[in-house]
Structures are given as structure tokens and as C-alpha cells.
Amino acid sequence: MPKYLIADFIVEIEPKFDYLKKLCEPFLYEGERSADFSAIPSDSYLNSLLSRMVEGSTIDEAERIATASIFNRKIIHRGAMLVHSSALVFDGKAYLFSADSGVGKSTHTKMWLKRFGSKAHILNDDKPVVKIKNEVPLCCGTPFDGGSGIANNETVPICAIIFIERSVDNFVQFPTQMRLYKGFTNQQSNL
């Protein structure tokens with residue numbers, strides 16, 4: 001059974017369809033650690049999920065969503081979770097842009113890529129893992145990409161999580177109180 005290293009978890013995944021197979025390739029693990037858990041959806045779960053998805057959805061999409069759902073249920077008990085966001089790395093720090101579907105997470109990260117060029121790249125465009133290790137919040141890439149094909153296997157300290165909402169005016173509002181983790185300050189960003 002193939003094993004994958006995702007957010008420092010060894011996970012047994014058995015992709016049946018090409019889309020998830022391709023996304024999982026960079027996460028393939030050939031070391032000696034035993035699996036922490038498996039994230040393999042049953043055929044009945046896949047078919048049930050596909051029957052509830054938007055017309056025109058494919059079994060490939062159902063497999064990606066079902067595997068991500070199982071993965072998230074397993075890691076939540078291990079101090080980590082998937083966060084619906086587009087995660088961008090800029091100057092070695094992760095910035096997560098979270099919003100409802102269709103609000104502009106991916107559009108926003110693409111604007112950063114255009115503005116900052118090679119100093120920035122997208123870590124994961126839909127479901128990165130967030131966890132805290134040694135009091136440092138980390139963002140980890142996963143093979144669960146939301147359909148964009150952007151899913152990199154790396155772990156980066158988090159600088160900020162930004163919640164995007166639709167508005168007539170463009171503005172940024174900072175919370176009045178922020179919990180800062182070891183090594184981070186309010187002045188961390190050069191933006």
C-alpha cells in the first residue's frame with residue numbers, strides 16, 4: 001500500500017483515479033516509518049458523495065474530496081486541521097487567505113504572485129494543513145487542491161491568516177487583539 005508524508009503524518013492512500021494520483025506524487029513516502037492512519041474512501045462512500053455533488057462532477061473529484069474529508073477527520077485528533085484557504089509563501093512565511101467559495105482567495109493570491117514575482121509562490125490553493133509545533137504556527141501543503149492543481153509538499157511558518165469578505169470598498173481591518181506566537185511580531189510583514 002502506498003504511503004505519503006503529508007504535514008508530517010504518514011498516511012496510507014490508494015488513489016484509484018489519475019487526478020489524485022498526480023497530486024499525491026510529490027508526497028510519496030518510501031521511508032521506514034509506519035503509517036499513522038489510512039485515508040481510503042470506500043466505493044460506496046465515493047458513489048454516495050458523487051450522487052450529491054453538482055451535476056457534471058466526476059468520480060475523480062469525489063475521490064479527492066472524500067480522501068481530504070477522511071484525512072481531516074484523522075488529523076483533527078492529532079492537533080492539526082485542514083483550513084479552507086489559498087496559502088501563499090512570501091519571503092519564507094505563509095499567508096493564508098480564507099473566504100467562502102467564490103469570494104476571491106485564488107484571485108487574491110494570484111495578485112500577490114503578479115506583484116512579487118519569484119519572491120512568492122502558492123503552497124496550496126484550497127486545503128493546506130495548519131498546526132502548531134514548538135509554539136510556532138505552521139502551514140503544510142497537502143494534495144487536496146480544490147481543483148487548481150496547485151499542491152506543494154512543504155511546511156512554512158505562518159505570518160498571517162487573512163479572512164476575505166466581499167465589500168464595496170477595498171480595505172484591511174486588523175483585529176484589536178492578536179495572539180502572537182514565538183518569533184512573530186505585529187511588524188513582521190514588509191507589505
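The model is a predicted one, in which local features need pLDDT of at least 70 and side-chain atom pairs count only at pLDDT 80 or more, while totals for chains, interfaces and linings use all residues. Residues are numbered from 1 along each chain as its sequence is written, and side-chain values use heavy atoms, with hydrogens and water left out.

The predictor's confidence in each residue, pLDDT, runs from 0 to 100; its mean for the protein chain is 86, with 88% of the residues reaching 70 or more. Confidence is highest in strand 2 (residues 9–12), at a mean of 98, and lowest in helix 4 (residues 105–116), at 83. Over residues 185–191 pLDDT stays under 50. Where pLDDT is low, the predicted coordinates should not be read in detail.

Of the 191 residues of the protein chain, 39% count as buried, meaning under 20% relative accessible area with a 1.4 Å probe, protein chains only. A nonpolar core is a set of buried Ala, Val, Leu, Ile, Met, Phe, Trp, Tyr and Cys residues joined through side-chain atoms within 4.5 Å. The largest such core has 20 residues, of which Phe9, Val11, Ile13, Phe71, Ile75 and Val129 touch the most other members. Helix 3 gives the most to this core, with four residues.

Isoleucine 13 is in contact (heavy atoms within 4.5 Å) with Pro2, Tyr4, Ile6, Leu20, Cys24, Ala39, Ile40 and Thr67, leaving aside residues up to four places away in sequence.

Terms used
Helix = DSSP H or I, 4+ residues; strand = E, 2+ residues; numbered from the N terminus. Buried < 20%, exposed > 50% of the residue type's maximum accessible area, 1.4 Å probe, protein only.
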